[in-house]
Every structure is written in structure tokens, then in C-alpha cells.
Amino acid sequence: MAVILEFEKPIADLEMKISEMESLSDNVDISPELEGLKKKLEQMREEIYSNLTPWQKVQLARHPDRPRSLDYIERMAVGFVELHGDRLFGDDHAIVGGFGKIEHKEFMIISQQKGKDTKSHVYRNFGMPNPEGYRKALRLMNMAAKFGRPILTLIDTPGAYPGIGAEERGQAEAIARNLLVMSRLPVPIICVIIGEGASGGALGIGVGDRLLMMENTWYSVIAPESCSSILWRSWEFKEKAASALKLTADDLMKFDVIDGIIKEPVGGANRDYVLAAKNVKEAVMKELETLEQMPVQEMLNARIEKYSKMGRWGEMK
Amino acid sequence: MNWFQRTKDRISEGTEKKELPNVWTKCDNCGEILYKKDLEKNLYVCLKCSYHFRVFAKTYLQIILDPKTFKPIDKNMIAVDPLEFTDTKKYSDRIKTTVSKTGLKDAVHTGYGKIHGRPIAIAVMDFGFIGGSMGSVVGEKISRIADGALEHKLPFIIVSASGGARMMEGALSLMQMAKTSAKLALLHEAGLPFISLLTDPTTGGVTASFAMLGDVILAEPGALIGFAGPRVVKEATGKDLPEGFQRAEFLLEHGFVDLIVNRKELKDTLSRLLVFFEKNTDTNFDINQINSN
């Protein structure tokens with residue numbers, strides 16, 4: 001049974017009504033009414049999904065039915081071989097890494113993986129990587145550079161894990177190292193936010209030549225709930241915080257933080273995995289094509305230049 | 001009549017301190033009463049227990065650099081409010097109040113100076129400015145001084161003190177982590193040394209970017225250093241935190257800090273490192289060439 005979010009209730013109700021009528025229509029001809037309702041449903045979907053508030057987008061980004069990174073990898077890549085471990089401490093299940101062929105190109109793919117049920121949530125630590133996850137990612141990205149393969153990262157995390165062990169093993173160092181190395185790896189790096197992009201945990205696999213966001217995802221320095229709890233001293237203001245943080249793809253396009261927005265199926269990626277994956281694949285291949293035409297040095301200079309410009313500041317007279 | 005009614009207005013938290021004439025102060029750690037002049041002469045290190053008081057960025061510049069050698073740059077760079085962010089207060093008002101209260105323009109000083117005659121590029125953060133948080137100004141100033149270090153072949157030192165990235169600039173703050181780390185990658189490729197000093201506290205996005213990327217990472221005794229703050233870790237795990245968790249000594253034990261340095265030995269230690277690291281640096285660079293702006 002699909003999960004229905006609060007703001008999707010009118011749509012779900014109408015869908016229910018239509019399917020009830022369809023089951024009746026064997027006996028009575030009600031096709032004109034049915035047509036009318038279907039049209040109304042289309043309009044309602046269009047109306048609701050094209051006017052989502054930032055908080056509603058956060059909810060869609062966290063939708064329990066939303067495709068996870070492996071759902072994309074399965075539909076985008078062939079011959080995917082998963083590689084495990086950081087060679088230092090262990091294998092982190094919140095980060096998946098390996099190579100696969102997307103269209104005609106071999107990619108190193110690094111992704112954050114959430115679960116779908118209690119058991120897999122725990123196994124994936126709710127998509128919250130430990131330092132060994134970032135170090136596995138680093139090892140595999142260095143491998144990609146060695147063999148001249150482009151890197152694709154799929155970002156979906158509520159944050160790097162704030163655990164005791166994570167601190168003991170240098171969560172901050174692991175993330176920092178990735179930022180430094182990713183800013184210079186001599187192969188194209190394309191990053192896509194497919195769900196949640198929470199702070200340093202997302203950035204730890206999110207530095208590259210291109211950063212794309214799917215339509216119903218969020219990216220910010222802090223989750224709206226945590227922001228609410230720190231600045232308003234209460235969890236109640238998460239919706240306000242979501243708006244204030246300017247965390248949607250449209251906002252971040254305006255601030256030049258991201259390079260493009262990937263369309264989702266109407267109602268969100270959870271409605272149609274195949275179409276969602278197709279859209280991601282096309283966007284990634286288009287970016288790769290541009291990047292592959294650049295000489296490596298030029299691409300690296302452009303990467304540095306891109307980050308050099310990030311931010312907004314002023315001068316006091 | 002309510003027996004438990006408080007008759008005095010309220011108990012002030014600062015009574016004990018206020019009772020001391022202001023030439024005296026009390027150590028936050030051991031409670032020793034200290035003569036302020038002595039404490040200052042001792043670089044704000046408790047004479048009894050060696051507790052390191054938090055000090056302003058300006059104080060670090062005085063401690064580290066040769067007298068009158070600091071050449072600040074980008075002195076007038078200030079935060080704008082790109083997100084038009086409002087929580088209980090407008091971010092633009094918060095900036096104004098903080099600027100007038102602290103006399104600082106933002107949470108970092110950057111510029112050039114000398115340590116025992118050797119030219120260096122330096123950035124020193126100040127925790128007093130919105131918790132030393134890194135927004136666009138901190139990121140940009142650190143990036144520009146890193147560019148300067150690269151251009152003039154100078155060693156680069158950052159003194160960190162920060163609660164992390166600045167929430168009120170959203171993803172733009174986050175991007176400063178990537179930006180500063182990218183600049184350090186360029187210094188690394190040029191074989192130029194970067195020394196990171198972690199002071200109390202260094203957490204969040206600052207730790208997860210430049211602060212942890214030093215060729216050598218120094219820390220002051222007792223400094224709180226971490227990715228997530230201790231309160232967050234406790235809430236997330238529901239566990240009691242181990243003794244000394246996230247203190248400088250804990251990081252040293254776990255292999256994430258090279259050396260813990262007493263503030264009184266800081267300058268000499270830095271000087272010693274500069275000698276070892278001098279290979280690709282221009283030790284004769286004349287910092288008077290720099291136009292302070």
C-alpha cells in the first residue's frame with residue numbers, strides 16, 4: 001500500500017473514487033462522468049505538485065516509497081559490480097560503491113543508500129554514513145582516477161552519523177579529506193541529489209564538476225528540524241525553517257549552488273521508478289558528454305573556479 | 001502567604017565574579033583566584049592548573065606574530081543576507097548587532113605577518129562573532145588568503161574556533177567547506193605547508209573542512225573538537241559519553257591531532273615547524289609589499 005502524505009489526500013480520495021467507479025462500469029455506462037473525473041484528477045495533480053511548499057518537498061524527498069540509490073543503479077547501469085570496504089576499518093552499508101556501465105560508458109558509482117523497512121533501515125543505518133563509508137568512497141574514487149573512469153555520486157542522506165564511534169574514528173577528517181581530494185581528481189565527477197542532501201554528510205560525496213538536484217529533493221547546511229530546534233528552540237518551526245533555509249532545487253539554482261534540475265514524474269519519483277531513473281540517466285549522460293569534450297586541465301580549472309565563486313558577500317564602506 | 005516566595009528579585013548568575021574587584025578573576029576550571037595582569041602575562045593560561053581560557057582572535061595574533069608585523073587584508077568584507085533569513089530575528093539585524101557589539105566585521109581575521117622573522121599567511125577565527133560560524137565571508141576571506149599564500153609561496157596557518165557552518169546562509173555556508181578545501185588542495189600541490197591550530201571549540205563544518213586538513217594539526221589543551229557537538233551525539237546515541245570525549249587529548253589518543261601545544265609554547269612550536277617545512281616557501285618575501293585593505 002502506497003504511503004499518502006497529508007497534502008496528497010485530495011488526490012488519493014479522487015483516485016479511490018475513480019477506481020470504485022471503474023469497477024462498477026461493467027454494468028452501467030458511466031464513461032462521460034469517468035472522463036470528467038479523470039480530467040479533474042489531472043488538474044488536481046498539476047495544481048498540487050507544481051505548488052509544493054519547501055516543507056512538502058522535504059516530505060517527498062523523504063517519502064518511504066521513494067526510490068533508493070540501488071533502485072536507480074539497477075535501472076541505469078548494467079553489469080554493476082559492488083566493491084566493499086575502506087581497507088582501514090570496515091565496510092559501511094550506508095554507502096554503496098562499485099562500477100557499472102551506463103549506456104556505453106563505464107562509471108564508478110558511489111551512493112548513499114537508505115533502507116525500505118525496519119530491517120534494511122537498520123542495516124543501512126538510515127543512510128547515515130560513518131567515517132569508513134567516506135573512506136570507502138575515497139578509495140573507489142581514487143581507483144576511478146587511476147583507471148580514467150568518470151565518477152557518478154548519488155546523494156541521499158539525513159546526515160553523517162553523529163555517533164561516538166564516528167567521532168572516535170574521525171568523521172570530520174573523513175569528510176574533509178574527500179572535499180580536498182574530490183576538488184582535484186582528474187576525471188569528470190557528476191553528483192546527483194536523489195533524496196535528502198543534509199549538510200556535510202551529503203557534501204562528503206558531493207564535490208565535483210556538476211551538481212544536479214532532482215525536483216523534489218533538498219540540500220542545505222542543516223535539516224529543517226535541527227535548524228528549528230537551534231534557532232527557535234523548539235521542533236515546532238520546521239516548516240518555517242524549511243522555507244528560511246532556501247533548500248529547494250529552484251532556490252539553489254538561483255544561488256548558483258547547483259547546475260541543473262532533473263524533472264520527476266508527476267507526484268514524485270516514488271510514482272514511477274522507471275521514468276525517474278530514465279530522467280537521471282539522460283541528465284547525467286548529457287553532462288558527461290560536455291565534460292568529456294574538455295581537456296582535463298581545463299575541466300580542473302573550471303572546477304576550482306566554480307567553487308571559488310560560491311557564496312555572497314559585501315564590502316563595508 | 002507563600003513560604004517559598006522569593007523576596008529578592010532574582011539570583012544573579014554572576015555574583016561571585018562581581019564580588020571580585022575587577023583586577024582579579026577566577027579560573028573556570030580550578031577556581032583559583034588570579035591577578036588579571038598575571039593571567040594576561042601568562043597568555044590567559046591559569047597559573048595553577050594550566051587551564052586555557054578562551055581568547056579573542058586579536059590575542060592569538062599578538063601571541064603568534066612578531067610585534068607590529070600583521071598586515072590584514074579584506075578588513076571590510078561583510079556578510080550580506082542572501083537568503084533574507086529570519087528566525088526569531090532577522091539575520092541582517094543579527095549581523096548589525098554583532099558588528100557593533102564585538103567591533104568585528106565577521107568571524108575571521110586574515111592577512112600576512114612574521115614569526116621570528118619568517119613571513120607567513122594567516123587566518124584567525126573569533127568565536128565571539130555568531131559562534132565563529134563560517135558563512136560566505138569566512139569562506140571567501142580564507143580562500144583569498146590561501147590564494148595569497150600560493151601566489152607568494154608562503155606557509156599558511158589557520159587558527160580555528162567555530163561552532164560550524166553558519167545556518168543563516170544555508171547551502172552557501174556549506175559550499176564554503178568545499179571552497180576552502182579546494183584552495184588547500186592547490187597549496188598541497190604546490191608543496192606549501194598548511195598548519196592548522198584547533199582551539200576551544202572547533203566543531204561542525206569547520207572541523208569537517210580546512211581544520212582537519214593540516215600537514216600538521218595542533219590543538220590547545222582541553223579544546224573541544226568534533227564533527228557533531230556532544231549534545232547531538234548524546235541525543236542520537238542515547239549513550240553516556242566517554243570521559244574526555246572530543247577533547248584535544250581524546251583526539252590525540254585516537255590519532256587525529258599531531259601535537260597538543262601549551263599556548264606559551266605556541267609561537268616557538270610554529271617557528272620550529274616553519275623551519276622543517278621551508279623547502280618550497282619564499283622565506284625572503286617582504287610582507288611590506290602587501291597592500292593592507
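One salt bridge is counted between chain A and chain B; the term means a side-chain nitrogen of Lys or Arg within 4 Å of a carboxyl oxygen of Asp or Glu. The partners are Glu189(B) and Arg184(A), whose closest N and O atoms are 2.7 Å apart. This is a predicted model, in which local features need pLDDT of at least 70, side-chain atom pairs count only at pLDDT 80 or more, and totals for chains, interfaces and linings use all residues. Residues are numbered from 1 along each chain as its sequence is written, chains are lettered from A and ligands numbered from 1 in the order in which they are written, and side-chain values use heavy atoms, with hydrogens and water left out.

**The interface**

Polar contacts across the interface of chain A and chain B link 13 residue pairs, both residues at pLDDT 80 or more. A polar contact is a pair of N or O atoms within 3.5 Å; within protein, one must be able to donate a hydrogen and the other to accept it, and residues adjacent in sequence count only if both atoms are side-chain atoms. On the side of chain A that touches chain B, the elements giving two or more residues include helix 7 (164-168), helix 8, helix 10 (224-232) and helix 14 (296-308) of chain A. Helices (H or I, at least four residues) and strands (E, at least two) are DSSP runs, numbered from the N terminus. Helix 8 of chain A has the largest share of that side, eight residues. By class, the side holds 28 nonpolar, ten polar and ten charged residues. Here Ala, Val, Leu, Ile, Met, Phe, Trp, Tyr, Cys and Pro count as nonpolar, Asp, Glu, Lys and Arg as charged, and the others, Gly among them, as polar.

Chain A brings 48 residues to the contact and chain B brings 60 residues, with contact meaning heavy atoms within 4.5 Å. About 4,600 Å² is buried between the two chains, and carbon and sulfur atoms give 75% of it. Buried area is the accessible area (1.4 Å probe) that two parts lose on being put together, summed over both.

**Cavities and a pocket**

The whole structure has two cavities of 30 Å³ or more. On a 1 Å grid over the protein atoms alone, a cavity is a set of points where a 1.4 Å probe fits but cannot get out; a pocket is an open set with protein on both sides within 12 Å along at least five of seven lines; lining residues have an atom within 4 Å of a point. Grid points are joined across faces, edges and corners, and a volume is the space filled by probe spheres set on the points.

| Space | Volume | Lining by class |
|---|---|---|
| Largest cavity | about 100 Å³ | seven nonpolar, five polar, two charged |
| Second largest cavity | about 50 Å³ | five nonpolar, two polar, three charged |
| Second largest pocket | about 380 Å³ | eight nonpolar, five polar, seven charged |

The largest cavity has 14 lining residues; Glu167(A), Gly170(A), Met212(B), Gly226(B) and Leu251(B) lie nearest its centre. Helix 8 (171-182) of chain A and helix 9 (248-253) of chain B each supply at least two residues of this lining. Helix 8 of chain A gives the most, three residues.

The lining of the second largest cavity includes Arg118(B), Pro119(B), Leu154(B), Glu278(B) and Asp282(B). Strand 6 (residues 118-125) of chain B has the largest share, three residues.

The second largest pocket is lined by 20 residues. Nearest its centre are Lys58(B), Leu61(B), Phe70(B), Pro72(B) and His109(B). Helix 3 (57-64) and strand 5 (108-115) of chain B are the elements that give two or more residues to this lining.

**Local features**

Over all chains, the structure holds 39 salt bridges. One of them joins the side chains of Arg166(B) and Asp106(B) at 2.7 Å, N to O. This pair links distant parts of the chain, 60 residues apart. Arg166(B) sits in the loop between strand 7 (156-162) and helix 6 (170-189) of chain B, and Asp106(B) in the loop between helix 4 (91-102) and strand 5 of chain B.

Most residues other than glycine have a negative phi, and most peptide bonds are trans. Ser199(A) is not a glycine, yet has a positive phi of about 50°. Ser199(A) lies in helix 9 of chain A. Asp200(B) and Pro201(B) are joined by a cis peptide bond, with omega about -10°. Pro201(B) belongs to strand 8 (residues 194-202) of chain B.
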